[in-house]
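Hello,

Here is the structure I promised to pass on to you.

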Amino acid sequence: MRGLLVANPAATTTTRKVRDVLVRALSSELKLDVAETQHRGHARDLAAQAAADGVDVVVTLGGDGTVNEAANGLLEQGPGPDVPTLAVVPGGSTNVFSRALGRSRDPVEATGEIMDSLRAGRTRLVSLGTVTARTGEAEDWTAPRWFVFAAGMGFDADVISRVEAQRARGRRSTGALYVRAGVNAFVLGRDRRRPPMTLQLPGEAPVDGLFLALVSNVSPWSYLGDRPIVPSPEASFDTGLDVFAMGRVGVARMVHHVRQTMAARPDARGRGVHRWHDLGELTLTAAHPQGWQVDGDHLGTATALRVRSVPQALRVVV
């Protein structure tokens, strides 16, 4: 089989030595080409070209951002039988999608697992989501963007924006950095006091007064180090999308709900919490521009998001 390894040299846990070991191993099973990403969006371009060239398997070595870009490139023309299969080697700090597929957190061990699966033909189709954003006052919507495990609007995007600003100054992505960013965003942010967002489901009354809306395609939603964060325990690649949303809450109530999502048996409920399971589509609107994120990448601000589930969208190595 023909394969392409898309490696992000800037990923948190990726080194050239590790990459070279993986290349030698994968080359024993694949006629392998290797490409390093050089800028944001490059993995998408590489994966789209691989799909156009009829490559059989695209392997990513990087974090969730690299996986997201590769998935968007592979699905540039939409799902179908000719889309290359995606395999994921963890190389970032969190690696949510890789963990959801059951991969080892060690990139060398994960590569061995992928090789075993390729020999045995172990693949499966997974459902993904798409999101379009209204970025201006008029009906100015972006092109659909695929996400593999999560999208969000409001508080979580604000936290990611703060972390990305720190990383741009040379800070390493760690759990402690996310905790500090989350505390600052909650304490200093204005939107939790006057929540500006409304969630609309087809045929149902709108739910307004929200400052956070997490859309999940899989569970856990993310990790804090080794600790899973599980706002939507039922989220799965085999169902539609799950949503965890919060209205106005104080500091004590927020801490309580965060603890619920990180408990041994997570089940966050109570005042200010809204949850939905197995949704086909939803719309989020905001009274003023809010940050939005896809698979942990901050994508600017928007006044509305349209989110849809796409069943059996992409074949992956498991």
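What percentage of the 318 residues of the chain count as buried? The share is 53%, where buried means under 20% relative accessible area, exposed means over 50%, and partly exposed lies in between (1.4 Å probe, protein chains only).

A few ground rules before the details. This is a predicted model, so local features need pLDDT of at least 70 and side-chain atom pairs count only at pLDDT 80 or more, while totals for chains, interfaces and linings use all residues. Residues are numbered from 1 along each chain as its sequence is written, and side-chain values use heavy atoms, with hydrogens and water left out.

**Overall shape**

The chain has eight helices and 16 strands; these are DSSP runs numbered from the N terminus (helices H or I, at least four residues; strands E, at least two). Its radius of gyration is 19 Å, close to the 20 Å that the globule rule gives for 318 residues, so the chain is as compact as a globular protein of that length. That radius is taken over C-alpha atoms, and the rule is 2.2 Å times the number of residues to the power 0.38. Along its principal axes the C-alpha trace spans about 55 × 40 × 35 Å. Counting contacts (heavy atoms within 4.5 Å) between residues at least 6 apart in sequence, 72% join residues at least 24 apart.

**The inside**

Helix H3 (residues 64–74) is mostly covered, with 11 of its 11 residues buried. In helix H2 (residues 42–52) the buried residues are His42, Ala43, Leu46, Ala47, Ala48 and Ala50, and they pack against strands E1 (2–7), E2 and E3 (57–62) and against H3. Just after H2, Gly54 has a positive phi of about 80 degrees.

The largest nonpolar core has 51 residues. A core here is a set of buried Ala, Val, Leu, Ile, Met, Phe, Trp, Tyr and Cys residues joined through side-chain atoms within 4.5 Å. Phe97 is one of the members that touch the most others; beyond its neighbours within four places in sequence, Phe97 contacts Asp64, Val67, Leu86, Val88, Val148, Phe149, Phe237 and Val316. A second, separate core of 25 residues includes Phe147, Ala151, Leu201 and Leu305.

**Salt bridges**

There are 11 salt bridges in the structure, each a side-chain nitrogen of Lys or Arg within 4 Å of a carboxyl oxygen of Asp or Glu. Glu29 and Arg119 form one of them, at 2.8 Å from N to O. This pair links distant parts of the chain, 90 residues apart: Glu29 is in the loop between helix H1 (16–26) and strand E2 (31–36), and Arg119 is in helix H5 (residues 107–120). Glu29 is partly exposed at 27% relative accessible area, as is Arg119 at 48%.

Arg105 pairs with Asp226, with the closest N and O atoms 2.3 Å apart. Arg105 lies in the loop between helix H4 (96–100) and H5, and Asp226 in the loop between strands E11 (222–224) and E12 (227–229), so the pair ties together parts that are 121 residues apart in sequence. Arg105 is partly exposed at 46%, whereas Asp226 is exposed at 58%. Finally, Arg16, Arg19, Asp20 and Glu36 are linked in a salt-bridge network.
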